[in-house]
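Hi,

Here is the structure I said I would pass on. Please have it open while you read, as my notes go through it residue by residue.

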Amino acid sequence: MEAKTFSPIKDLIKLLIACVVSSLLIKLPNILPLALSESDFYLKNGPLIIFFGLSLYVLLNSEIKKKNQWIWAFVPFLITVVYINAIPGNLDNSNNILVLILLHTALLMWGTYGFIFIGMTKQIEKRMDYIRYNGDLVVISAILVLAGGLFSALTIGLFHLIGFEISRLYEQYIVICGVVSIPIVATYIIKNHAQITNKIAPIIANIFGPLVLLMLTIFLISLPFSGKNPFTDRNFLLIFNMLLIGVMAIIVFAVSETSKNQNQAFNKVVLTFLSIIALIINTVALSAILYRLSEYGFTPNRTAVFGVNLLLFIHLIWIAIRLFKVTFQHKEILLVEDAVSRYLPVYLIWTLIVIVGFPLIFGLQ
């Protein structure tokens with residue numbers, strides 16, 4: 001999504017269109033009689049609606065004029081919404097397959113939005129732009145959520161003082177519509193006020209990189225004395241994997257920001273050691289899930305966790321080798337960007353295997 005000449009009125013109209021469409025879609029349970037409960041509708045369709053709204057805003061700001069290009073851009077959303085809502089069962093019965101499908105559907109929609117964002121191109125640098133944008137999106141969205149939370153508390157409190165209880169009404173309409181609109185507003189800010197994100201994101205990357213490295217080092221040293229064992233403790237293994245995914249996200253975000261400032265030697269050293277720590281965590285997690293598979297057999301959850309761990313392990317090795325070359329052999333940081341970007345389609349292939357293949361392999365309870 002390339003920045004254009006800033007036209008306040010036109011850009012605000014496009015922003016408003018995307019936010020209104022997303023808000024109407026998220027409120028469908030209140031507009032139409034649907035078979036799904038309101039909570040199941042949000043869980044099944046929430047991520048779809050968020051990425052649909054973002055895609056709509058990006059397309060409104062693109063050069064695409066032909067109707068067939070618009071149609072093809074939204075075909076994946078149409079297929080996914082039909083598939084996800086046709087799957088029997090609900091989340092009240094703890095259907096493992098359904099939960100896995102919903103989680104991976106969100107990732108698939110992220111990838112679909114990515115193709116729309118970069119303009120369906122295969123250029124590696126465009127993929128890195130998308131990753132960098134995602135880091136900025138998280139930062140700006142978090143700021144908007146905090147600001148929105150403060151405004152909401154103030155509004156509800158003021159009306160309470162004069163005898164009007166609007167909390168339920170406010171939650172049903174303002175909060176729900178705000179959830180799907182905040183990423184679009186954040187994208188608007190990134191697109192038209194890049195000077196804001198260009199200052200905030202590097203600061204966060206510079207601060208959190210060393211802090212996370214220090215925290216993980218202390219964590220790994222303390223682990224043998226904690227009494228916790230990811231091989232036998234299922235919940236601890238889950239937390240271990242969430243930690244791994246979080247560290248991987250920080251590495252990728254920090255790489256995208258470091259690439260804009262080629263002379264940040266300290267950051268490159270931090271990222272190199274952070275990737276090594278992540279590999280150690282990944283090795284422990286992968287060993288633990290392999291142990292559980294050999295002991296208890298294959299289930300949808302164990303298979304999904306094993307697949308993700310294996311993909312992350314391969315990717316981390318590639319990134320760590322490239323970071324070592326950049327840090328100690330003075331290679332260009334573009335080597336790391338290449339390793340990060342080229343591997344992204346592998347994750348999307350895995351999401352399709354889970355979404356379509358797992359119901360065929362394991363069935364739906």
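Predicted model: local features only at pLDDT ≥ 70, side-chain atom pairs only at ≥ 80, totals over all residues.

Residues are numbered from 1 along each chain as its sequence is written, and side-chain values use heavy atoms, with hydrogens and water left out.

**Helices and backbone**

Helices here are DSSP runs of H or I with at least four residues, numbered from the N terminus. Helix H5 covers residues 96-118, which makes 23 residues. The expected span of a helix is 1.5 Å times one less than its number of residues. For H5 that gives 33 Å, and the C-alpha atoms at its ends are 33 Å apart, so the two agree. Just after H5 comes Gly119, with a positive phi of about 80°.

Another positive phi belongs to His330, where the value is near 60° in a residue other than glycine. For context, most residues other than glycine have a negative phi. His330 sits in the loop between helix H11 (300-328) and helix H12 (334-342). With a relative accessible area of 69%, His330 is exposed; the cut-offs are under 20% for buried, over 50% for exposed and partly exposed in between, with a 1.4 Å probe and protein chains only.

**Nonpolar cores and one surface patch**

A nonpolar core is a set of buried Ala, Val, Leu, Ile, Met, Phe, Trp, Tyr and Cys residues joined through side-chain atoms within 4.5 Å. The largest one has 82 residues, and those with the most contacts inside it are Tyr113, Tyr133, Ile251, Ile319 and Val336. Leaving aside residues up to four places away in sequence, Tyr133 touches Leu54, Tyr113, Phe117, Thr187 and Ile190 (contact means heavy atoms within 4.5 Å). A second, separate core has five residues, among them Ile26, Phe41, Tyr42 and Ile49.

Helix H1 (residues 8-26) gives the most to the patch, with three residues. Ile31 belongs to helix H2 (residues 28-31), and its 48% relative accessibility makes it partly exposed.

**Salt bridges**

How many salt bridges does a search of the whole structure find? There are six, counting a side-chain nitrogen of Lys or Arg within 4 Å of a carboxyl oxygen of Asp or Glu.

- Lys191 pairs with Asp11, and their closest N and O atoms are 2.8 Å apart. Lys191 is in helix H7 (residues 167-192) and Asp11 in helix H1, so the pair ties together parts that are 180 residues apart in sequence. Lys191 is buried at 9% relative accessibility, and Asp11 is buried at 3%.
- Arg322 and Asp338 meet at 3.5 Å, N to O. This pair links distant parts of the chain, with Arg322 in helix H11 and Asp338 in helix H12, 16 residues apart. Arg322 is buried at 16%, as is Asp338 at 17%.
- Lys228 and Asp233 meet at 4.0 Å, N to O. Lys228 is partly exposed at 46%, and Asp233 is partly exposed at 23%.
- Asp129, Arg132 and Glu337 are linked in a network of salt bridges.

**Two more residues to look at**

Ser341 is in helix H12 and is buried, at 0% relative accessibility. Beyond residues up to four places away in sequence, Ser341 touches Ile124, Arg127 and Met128.

Ile200 is in helix H8 (residues 194-222) and counts as partly exposed at 26%. Its contacts, again not counting residues up to four places away in sequence, are Val139, Ile140 and Ile143. The C-alpha atoms of Ile200 and Leu311 are separated by 31 Å, and the two residues are 111 apart along the chain.

Best wishes

Definitions and conventions: Helix = DSSP H or I, 4+ residues; strand = E, 2+ residues; numbered from the N terminus.
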